[in-house]
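The points are numbered for reply.

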Amino acid sequence: MRAKQIQSSWTRSKSQILLLFSTVCLLALSFFLFLSSPSDLTRSSTHSFAHPPIRPETSFVASLEYFLTHKAPSHQRRASDDTVRTVLEDDVRKLDERKFAKEMEWVHGDPYYPMNMPVRVYVYEMPAKFTYDLLWLFWNTYRETSNLTSNGSPVHRLIEQHSIDYWLWADLIAPASERLLKNVVRVDRQEDADLFYVPFFTTISFFLLEKQQCKALYREAVKWVTDQPAWKQSEGRDHIFPIHHPWSFKSVRRVVKNAIWLLPDMDSTGNWYKPGQVSLEKDLILPYVPNVDLCDTKCLSESESKRTTLLFFRGRLKRNAGGKIRAKLVAELTDAKDVVIEEGTAGVGGKAAAQKGMRRSIFCLSPAGDTPSSARLFDAIVSGCIPVIISDELELPFEGILDYRKIAIFVSSTDAVQSGWLLRYLKGISPTQIREMRRNLAEYSRHFVYSSPAQPLGPEDLVWRMMAGKLVNIKLHTRRSQRVVKESRSVCTCDCRRASTIFTPSS
């Protein structure tokens, strides 16, 4: 009997010991996991769940369709905008005081200010007639392929080539959880902003509205912006206007001359911009949106053996201004061996022919168009075809960051039209140099492909890197303009006018 009791007691004790041992082991394991793996778990959740990879959309039409159907607010849901009902001098003064207080906070708290990253951008909430309505206008009419410019270019394709206004705006207003760029942030308060972005679609309105209707909308947009206290506070020097097509916004440019313009080039010929309107110090050059698909790593590898054409060009053979050199090049290169020179055509067929030709060529001719720049340059880059740039006055996008000598051949107009010179020069370039330049093209192509979401090292990213470099000059010129009180300016202006009246010689 006693033996049974002892056995029973031992069994219970053994069970208690095993339970205690198991509990201690579980606690030890939990403690070990707590100490050793939180960073791993955080990294895993960050990469796998918080920001799942999103395949970037590079087609303007496809991206716009998704934007309008999934992200654009309906008329019923549109929030109030930033329209100023009454312009008061006191509002400007108060904003100036708030900005001063914020800047002093940055001066004392940020050792890198004003060379700061990320760039803080206030995006104006403009009425829909300047933004969403114009995007819907494009979407509802882009299939009308018969809509051509006076020189025969398809209107909607031109809008796509100059759609930098859409790509930048779509990224800036996207939810933070969907954005990948870290060098620019959207701020909700104007006093927190380094820069102000004006989301007005100047190219769409120019091409798709009647002339007088377009001019009226331009005037309305400019008045809307220049009524803003932030505009008055800096006289527009920290405001960004996308004016990427050289024909657009011409009737009101003088009113926004202090603003930062996003341009396709500087057009030093003087045909499209008046002297002093644009400058590398104030403005920024952005690449055209390529009209052909990106030739990725696999495509480049597969096309290597197919590149049997020495020099290729497909586009308008006659252009105005600096583009007149095209006619001379045609006369020089037509019927030359291993050279393809073709008149461009519109539509899907024209795009396919250009893309096929570039992917089968070693060099692609990139002469000036109506302005010093040409969309062909960026088509060539994303096709893995080494650009041969013949445009003496050309300024290139992001040239403060990118070295174009690594991916392109630059030839003066004088040399290019000399009999036989260009082809002899190209044939003299070694296979080793060609392979190196093509490898560089594979690396550089990402800098010229707009996408949604915007990608690190993409053109949207490089825009804000370049803008960061302009901030010191912007603040310098803004401060200098604010030093003289308004009344003094008025007196000076009146005195100067009176003096000019007094000393004007009689006829």
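1. Taking the bonded cysteines of the chain in sequence order, the pairing runs 1-2, 3-4. That makes two disulfides, a disulfide being a pair of cysteine sulfur atoms within 2.5 Å. The model is predicted: local features need pLDDT of at least 70, side-chain atom pairs count only at pLDDT 80 or more, and totals for chains, interfaces and linings use all residues. Residues are numbered from 1 along each chain as its sequence is written, and side-chain values use heavy atoms, with hydrogens and water left out.

2. Cysteine 295 is bonded to cysteine 299, S to S 1.9 Å. The link is left-handed, with -95° about the S-S bond. Cysteine 295 is buried at 3% relative accessibility and cysteine 299 is buried at 12% (buried means under 20% relative accessible area, exposed over 50%, partly exposed in between; 1.4 Å probe, protein chains only).

3. Cysteine 364 is bonded to cysteine 385, S to S 2.2 Å. This link is right-handed, with 105° about the S-S bond. Cysteine 364 lies in strand S9 (residues 361-367) and cysteine 385 in the loop between helix H14 (375-383) and strand S10 (386-390), so the bond ties together parts 21 residues apart in sequence. Helices (H or I, at least four residues) and strands (E, at least two) are DSSP runs, numbered from the N terminus. Cysteine 364 has 2% relative accessibility and counts as buried; cysteine 385, at 0%, is buried too.

4. Cysteine 214 is buried, with a relative accessible area of 4%.

5. Methionine 104 belongs to helix H4 (residues 89-109) and is partly exposed at 31% relative accessibility.
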